[in-house]
Amino acid sequence: MPEFNVRDKVFFITGGASGIGRGLAEGVLARQGKVFFIDVQEEAGQEAQNELAATYGAINVRFGKADVTNREGFQETFNLAVTIFGKVDVMVNNAGIVRETRPAQVIAVNLLGAIYGTEIAMAHMRKDHGGRGGRVVNISSLYGLIESPFLPVYGATKQGIRSYTQSLSLSPKLEEIGVEYATLHPDGVQTSLVLNVQPGDILYLEELTKQFEEKYLQMEKLVDAFFQLVSLEKMNGAALLVKHGTKTFVELSLEEKGDTFTVKPRL
Ligand SMILES: NC(=O)c1ccc[n+]([C@@H]2O[C@H](COP(=O)([O-])OP(=O)(O)OC[C@H]3O[C@@H](n4cnc5c(N)ncnc54)[C@H](O)[C@@H]3O)[C@@H](O)[C@H]2O)c1
């Protein structure tokens, strides 16, 4: 079976007006795919659409304003993407926030939003209901794999995304449904998420700043890693951890040995 080719595939990306989502949207267009992206930031979204359209062609990219926590509005923009492009092949649930003082909001955007997006995409893609099949990539984090004292709420949502997505990948009806699931786990990338933190958004910020060695992951490296993941011949169940200088597929079906669990590299 050939590897999954991005060319002519339609990607739906949440939180695409800035940062990683914007980087991924550009990556899709550069590989001759098509993108519909949504964001709560209307002005930034329109601007991103105009800039991307100027380089890659207006027929290949569209922005819609939507909030991932509002299921109806989310569904409407997804329907619009299907009307414009005829289908969605890859769903990327990327929208996310860091705000430790507002747990309900963080859970709603990061976790519930990703679950809504996965459900909406799956209903469209599933082959057993007349769809063409497809792929869902949910953006977790390094903190979806390990714990951090600085981001307990954020980490809980990212571990939740990992658990939710990997649980779906274990479906006994996978072949019939024809939808594959994977998670991407980036380390720190210099986006507004980390550069514009307000007091309280991250706990013990002073301690974190002292520890932090400014080893950010380059956006370019992350975008390449994303396309390595999404182009896998079989993507289902993959979890790709991308750190500064390294990239590892992690095996998430933990193996129980007596009282211990082991996590093994996949590749
Ligand atoms: N930057 C990092 O260090 C890092 C590391 C690991 C994982 N991540 C994850 O990557 C994803 C993207 O983050 P980023 O770093 O690009 O941040 P970012 O702030 O640059 O981008 C996030 C985008 O999501 C949008 N958004 C926020 N709430 C939304 C909502 N309710 N509905 C729709 N859109 C919404 C924002 O407007 C923004 O454009 C997030 O899920 C984040 O948790 C980021």
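A polar contact is a pair of N or O atoms within 3.5 Å, where, within protein, one must be able to donate a hydrogen and the other to accept it. Keep that in mind for the close-ups below, which all come from a predicted model.

**View 1. N138 and its polar partners.** Let's start in strand 5 (residues 134-139), where N138 is found. The side chains of N138 and T165 are joined by a polar contact of 3.0 Å. The N138 side chain also makes a polar contact with the side chain of N93, this one at 2.7 Å.

View 2. Is N138 buried or exposed? Buried means under 20% relative accessible area, and N138 has 0% relative accessibility, so N138 counts as buried. Leaving aside residues up to four places away in sequence, N138 touches a set of residues including T118, I161, Y164, A182 and L184.

**View 3. Q166 and T183.** The side chain of Q166 makes a polar contact of 2.9 Å with the side chain of T183.

**View 4. Helix 3 meets helix 4.** Helix 3 (residues 71-85) and helix 4 (residues 103-125) have axes that come within 10 Å and cross at roughly 40 degrees. These two helices are therefore oblique to each other, and helix 3 passes helix 4 in a right-handed crossing.

Methods:
Residues are numbered from 1 along each chain as its sequence is written. This is a predicted model: local features need pLDDT of at least 70, side-chain atom pairs count only at pLDDT 80 or more; totals for chains, interfaces and linings use all residues. Side-chain values use heavy atoms; hydrogens and water are left out. Helices (H or I, at least four residues) and strands (E, at least two) are DSSP runs, numbered from the N terminus. Buried means under 20% relative accessible area, exposed over 50%, partly exposed in between (1.4 Å probe, protein chains only). Contact means heavy atoms within 4.5 Å. Axes are lines fitted to C-alpha atoms, for helices over the stretch in contact, and angles run from 0 to 180 degrees between N-to-C directions. Angles under 35 degrees count as roughly parallel, over 145 as roughly antiparallel, 65 to 115 as roughly perpendicular and the rest as oblique. A crossing is left-handed if the near helix is turned anticlockwise from the far one by less than a right angle, and right-handed if clockwise.
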